[in-house]
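This report describes a predicted model. It takes up the sheet, then the nonpolar cores, and then a pair of helices.

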Amino acid sequence: MPLTFRPARRDDVPAIVALLTGDPISAARGHAAAPDYDAAFAAVDADPRNELIVVEEDGEVVGTMQLTFIPGLSRGGAERAQVEAVRVAERRRNQGIGRAMMTWAVERARERGCALVQLTSDKERADAHRFYSSLGFTASHEGFKLRLG
């Protein structure tokens, strides 16, 4: 069955949240307060520089990712695409879905005229790092985060 890529709808939120929270690294992060996923979805959905994508196979959500298109003055004023929250349903991993998702994301960035596609990945996700390297991504920068809550 072919994969379908489409913008997420409000009724996809439970499936997306299940994918995002369904692994030990994400689960260990916890939340300072009860998350308001509906408000977060509404904010992403209303922002023309953000695309929350679901990947379906035979009507079932099997993957998700968020693309954020960032304008800037660096790189000659070119826009860049940030890929975040890439998840494939656990029972569907290692079947080419993640590769198809990233190929789709890169093509979407090209369509928008982006000069660069970037992403971050938790240092504990060694398998993901090998995967992204196999797609041609390079670990060119060291990332830093400051947790505020």
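## Sheet

Strands β2 and β3 run antiparallel and are joined by eight bridges; within β3, G63 is the residue that stands opposite V55. Both strands belong to an open sheet of five strands, in which the order is β1-β2-β3-β4-β5 and the pairing is mixed. At the edges lie β1 (3-7) and β5 (116-119), each of which pairs on one side only, and from one strand to the next the twist averages 30°.

## Nonpolar cores

The largest nonpolar core holds 19 residues, of which M65, V83, V86 and M101 touch the most other members. At least two residues of this core come from each of β2 (50-57), β3 (60-70), β4 (80-88) and α5 (97-112), and α5 gives the most, with five residues.

Leaving aside residues up to four places away in sequence, V83 touches Q66, L67, M102, A105, V117, Q118, L119 and T120.

## Helices α1 and α3

The axes of helix α1 (residues 13-21) and helix α3 (residues 37-46) come within 11 Å and cross at roughly 100°; because angles of 65 to 115 degrees count as roughly perpendicular, α1 is described as roughly perpendicular to α3.

In this contact, V13, V17 and T21 of α1 meet Y37, D38 and F41 of α3, and the residues involved divide into four nonpolar, one polar and one charged.

Definitions and conventions
Residues are numbered from 1 along each chain as its sequence is written. This is a predicted model: local features need pLDDT of at least 70, side-chain atom pairs count only at pLDDT 80 or more; totals for chains, interfaces and linings use all residues. Side-chain values use heavy atoms; hydrogens and water are left out. A nonpolar core is a set of buried Ala, Val, Leu, Ile, Met, Phe, Trp, Tyr and Cys residues joined through side-chain atoms within 4.5 Å. Buried means under 20% relative accessible area, exposed over 50%, partly exposed in between (1.4 Å probe, protein chains only). Helices (H or I, at least four residues) and strands (E, at least two) are DSSP runs, numbered from the N terminus. Contact means heavy atoms within 4.5 Å. Axes are lines fitted to C-alpha atoms, for helices over the stretch in contact, and angles run from 0 to 180 degrees between N-to-C directions. Angles under 35 degrees count as roughly parallel, over 145 as roughly antiparallel, 65 to 115 as roughly perpendicular and the rest as oblique. Ala, Val, Leu, Ile, Met, Phe, Trp, Tyr, Cys and Pro count as nonpolar, Asp, Glu, Lys and Arg as charged, and the others, Gly among them, as polar. Two strands pair if DSSP finds at least two bridges between them.
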